[in-house]
Amino acid sequence: MTIDLAKLNEAATEWKTAAEELAKLHGTVRDGLVKKSEAARWEGANATVTREFVRSAAKEVDDLQREARSIHAVLADAHAELTRIQKRSP
């Protein structure tokens, strides 16, 4: 089985970019939507539901960013290890 190291590296790079973009989005969500939601002077059931939805959405973005970072790390490590192995092989 032959592994295309260039494609593996490309995948790792794309996941790194995705993680970086999600980190920016998380910052925007946290510093924008969540702060505005918490500061809003809403009342009643709608206020509770809306605030909880915004908090939940912010947590989902944070979780996605962490997953993307993790996938990037796995792919980058695999690329580095396979590159070392291929350089040792005759």
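**Close-ups of a helix pair in a predicted model**

**View 1. Who alanine 19 touches.** Setting aside neighbours within four places in sequence, alanine 19 makes contact with Gln65, Ala68 and Arg69. Keep in mind that this is a predicted model. Alanine 19 itself sits in helix H1, which covers residues 5-39. Is alanine 19 buried or exposed? It's buried: its relative accessible area is 5%, and the cut-off for buried is under 20%.

**View 2. Helix H2 from end to end.** H2 takes in residues 44-88, which makes 45 residues. At 1.5 Å a residue, H2 should span 66 Å, and with its end C-alpha atoms 67 Å apart, the two values agree.

**View 3. The buried side chains of H2.** Which residues of H2 are buried? The list runs Ala47, Arg51, Val54, Ala58, Val61, Asp62, Gln65, Ala68, Leu75, His79 and Thr83. As for what they pack against, it's H1. Two of these buried residues, Gln65 and Ala68, turn up again among the contacts of alanine 19.

**View 4. How H1 and H2 cross.** Two packed helices are described by the angle between their axes and the distance between the axes. Here, H1 and H2 pack at about 160°, and their axes are 8 Å apart. Angles over 145 degrees count as roughly antiparallel, so that's the label for H1 and H2. The crossing of the pair is left-handed. Sorted by class, the H1 contact with H2 has 23 nonpolar, nine polar and six charged residues.

Conventions
Residues numbered from 1 in each chain as written. Predicted model: local features only at pLDDT ≥ 70, side-chain atom pairs only at ≥ 80, totals over all residues. Heavy atoms only, no water. Helix = DSSP H or I, 4+ residues; strand = E, 2+ residues; numbered from the N terminus. Buried < 20%, exposed > 50% of the residue type's maximum accessible area, 1.4 Å probe, protein only. Contact = heavy atoms within 4.5 Å. Expected span 1.5 Å × (residues − 1). Axes fitted to C-alpha atoms, helices over the stretch in contact; angles between N-to-C directions. Parallel < 35°, antiparallel > 145°, perpendicular 65-115°, else oblique. Left-handed = near helix turned anticlockwise from the far one by under 90°. Nonpolar A, V, L, I, M, F, W, Y, C, P; charged D, E, K, R; others polar.
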